[in-house]
Amino acid sequence: RFPGSGGGGGGGGGGRSGGPNVDVASLGLDKLGEYIARQNQDNGSWRQKLEFVRNLFYEQKAADEAGFTMKAPNTDHLACIAIYLHFLSTNQIECFEDGRHYRPNHHSNLASDIDKALDAIPLTPSNAYVCRKIRPLLPSYSSAYTASVPLTRIRDIAHRSDIPKDMKDDIKHNLQNKLHRCAGPEDLVTAERIMNKANHGDYSGAFKEQMRIFMVELREFFNAAGLEDRLHELKGRKLPSGSSASVIDTFLDKKRHGLTGDKLDSLLLVRRECNQWLSSAQHGEDKQRVRLTDVELEQFAFVLLAEAAKHFEDKGPGDFDTTFALRSAAAALENAKMSMSVDAKEAEALEAEAHDMAGKPLDLLRMKAWIDRCTRLCTAFSDAMQKLFFGYVVPLGKALGVDEHAASQFVEAEVRASVIFQLSRIMSCFSKFVKKELNAPPWTALYPGKAHGKLVEFDSIGAILNQHSSSDAPIVALLKSAEGDEDIPPFVTGIVLAHELPLLSHLGVRARQQGVVFTCSDGADAFYGLRNGIASNIGSQVELEVSASGQVSVKPSTGAPAAKARQATETVTLSSNIDASKTNVIANREASEALCGAKAAAAAEILTIAAGHQALFQAPPGCVLPFGAMLASAQASMPEYQQLAKEFDAAATSGDAADALASKIRKFIADKWQIPPAVTASIQEAFAGDVRVMVRSSANCEDLQKISGAGLYDSIANVAVKNQAALSTAVSRVWQSLWTKRAALSRRAAGMKHEDAAMGILIQQMVAGDLSFIAFSNNPITRDPNQVYVEVCVGMGETLASAGQSGTPYRVVYDRQSGDVSVLALSSFSVALVPSKVDGAELSAETIDYSTVPFHTDVEYRKRLVARIGAAVVALETARGSPQDVEGVISQSTTNEPQVHIVQARPMVLADE
């Protein structure tokens, strides 16, 4: 832990400054960073440097000067301290004698104070990792070192009669005296030098033995002891518990003679004992011993996992041992969870699934989904380290005089020294094996075909809107990210996306409606591999070709016909003669398109269809707030509202401008359009009991034959029907959603008049299902009318519709003639959105353990359920007379067959081939 050269190895006296003369204020550090840099300059010795760090936690004046919160410091500040102590303990910050006499017990007491302060900080998932990083950077505070005269063995060694004078002088002047008046990490370097000199010289065995014992003591003081030394010490002290000795002995035996997998398993047994004991241990030297042993165990797990990763890399995908890979990955996940370096629930769920898969026949699609999720965990760790340390490490390193290269490589070194780095290596090998076995391309076609245009690279669709206008030539966009609910500008003819996206997300649906050729990659490697291969074509005219099977090519469009910007959508004229005669709540069965919009009218129709197919599916009961209610509330302010709408079309010339103007109109609606108490009371009367409801948009500009408008307008989940204020707020939010940026731009692109847009509201009893699905009665990818295409997720359907989280849904196809079910992908989402238990909150995220999800693990169950969904969708298509885009929920039961609930259906809208 203390390699290389340090300053001040010999004597010296007189109180030198402790750091380089740097203009700290010019480096862009925050208040704490500047404080640490200046204190480091003003304090030369290791003790002084530890003392000013200690004072941040105990002295209000120091904390105020540094902008540091003593009892609950923010995670960034703890990260800054961790960086400083890392540079200090690794001799990258030079220490000098301060001209004073302080024995090492002072250093140990400072370490105890810092560690005690860390124990008192309320732990969060982010700061727990940083606190763990700080502790090994402190000296030991065991009773041997807090004694008034610690490390006395070196004094006896220096006065031995069996060593020559030059060795005596070296020990006495360069080690003993220095250590006892002004200890620092450089003393360990000096001691290592003397030990090496003794080992290679003609010295007595007794002298060498005493030096070896002293080296063990000194390494322990500097917290540089080895793993086996620490474990033997724990055994001698009956730590973590009296029964731990046998677990430690088993590990030490496996460490010397066992296979890698057995070593990992026995190591985890020791770590579990340590972590269980630590969870209730009080501050003190025993707690420090067990903690630091646990850190050493993690570091040895890193070595073992590196061996496993190299094994897989050497073997290659042709000779891949999936059982050992799952076992190794599970060990990496548990080690990372115990070290608090990753989301504990996510690691636990992935570990559980690894164990579950290891005991079952090979399921490549399941493994692929699990690998994708593990890979995201690794990427998230790397991103977190970048966010945590990068802002401080380079400027702080410069202020401290640390080698610039060492500072710049700090974050990368932190990542590469973690068990998660080794997990990423294992996942890379695992992924190559699964892809080879599946023979699957790394691309998914959301809308296959050919597109021509200028190849341009963007971070997001919002960036396209800000940098281009509808008058620009057509473009093919290389897109780094998408949220899933954006509208596609009319001049975009093709999109290549750097990550996965549900095919039936709002963005995917709009691509198919508008005829935008669209493909997404299964990860950054595929995207950047393609991007780097066509880099010379960026800015030039190209042809993008995407096949339904996922083959993607981008080539210069020399000789191709000039690309033309597509029509955004066919112009849609909204009827200005909507029926506004009803201003209060009506039953859902009474809804018509003229009164309430197509969505509410379809819900009424679904209720009737469900009544004739009760064995197949159900539909939730509800009521509707018609257009007339909105128009009645808006009547007094209508002239001002219409003027704002005209301003939007005139001034919304960029994405940012459209966002600002739409926000202004939403605020106007919130302030001016009030919901009468009689309206919310009528909604309450429509439902029996204290149920939760979905408050859904039903505008006259969505769910139409020519344009679906899916996802443009808001729906509010989990509204307590007995809470009048919550109902009123939900209704207002849905009215306001007429003026989300994407909704307003979509209406403008379709030639709709804003003043003709009206909002009805469908209020349905919420079905808090276990699974949700979106289904197209005709396969939108292959255009096969005999196939029902279905996407499914665990929890509520917002995961599918908005594409707000990384991962893929279940993708399945139901053949309506044969009844066969084909599985294209299993879900890799990390969390399910479920109704929140907190009053006033909509949905909360819960980590998914797929080993407990029957739809994931039981093939026959999955086939039966998909067939039920497919049959329900076909029944809706038959009854409604056209291909349908259907949303539904599955409620599962331990005793009965799952129940299918259809909550929405609209006509499928696809661009002409």
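Where does Lys238 lie? In this predicted model, Lys238 is placed in the loop between α12 and α13. The backbone of Lys238 has a phi near 55°, a positive value in a residue other than glycine. With a relative accessible area of 61%, Lys238 is exposed, because the cut-off for that class is over 50%. The loop between α12 (227–236) and α13 (244–257) also holds Pro240, and a cis peptide bond with an omega of about -5° joins Leu239 to Pro240.

Lys235 and Asp249 form a salt bridge in which the closest N and O atoms are 2.6 Å apart. Lys235 belongs to helix α12 and Asp249 to helix α13, so the pair ties together parts that are 14 residues apart in sequence. Lys235 is partly exposed, at a relative accessible area of 27%, and Asp249 is likewise partly exposed, at 35%.

In total, 61 salt bridges are counted in the model. One of them pairs Arg47 with Asp98, with the closest N and O atoms 2.9 Å apart. Arg47 lies in helix α2 (residues 46–58), whereas Asp98 lies in the loop between α4 (75–89) and α5 (104–120); the pair therefore ties together parts that are 51 residues apart in sequence. Both Arg47 and Asp98 are buried. A further salt bridge, at 2.7 Å from N to O, is found between the side chains of Arg425 and Glu313. Because Arg425 is located in helix α21 (residues 419–438) and Glu313 in helix α15 (residues 285–315), this pair ties together parts that are 112 residues apart in sequence. Glu313 is partly exposed, with a relative accessible area of 40%.

Asn718, located in strand β11 (residues 715–720), has a phi near 60° although the residue is not glycine. Asn718 counts as buried, at 5% relative accessibility.

Strand β13 (residues 771–776) is mostly covered, six of its six residues being buried. In a regular strand, side chains alternate between the two faces of the sheet. From β13, Leu771, Phe773 and Ala775 point one way, while Ser772, Ile774 and Phe776 point the other way. Strand β13 runs antiparallel to strand β14 (residues 787–794), to which six bridges join it; Ile774 stands opposite Glu791 of β14. Six bridges also join β13 to strand β19 (residues 884–891), again in an antiparallel arrangement, and here Phe776 stands opposite Asp885.

Methods
Residues are numbered from 1 along each chain as its sequence is written. This is a predicted model: local features need pLDDT of at least 70, side-chain atom pairs count only at pLDDT 80 or more; totals for chains, interfaces and linings use all residues. Side-chain values use heavy atoms; hydrogens and water are left out. Helices (H or I, at least four residues) and strands (E, at least two) are DSSP runs, numbered from the N terminus. Buried means under 20% relative accessible area, exposed over 50%, partly exposed in between (1.4 Å probe, protein chains only). Two strands pair if DSSP finds at least two bridges between them. A salt bridge is a side-chain nitrogen of Lys or Arg within 4 Å of a carboxyl oxygen of Asp or Glu.
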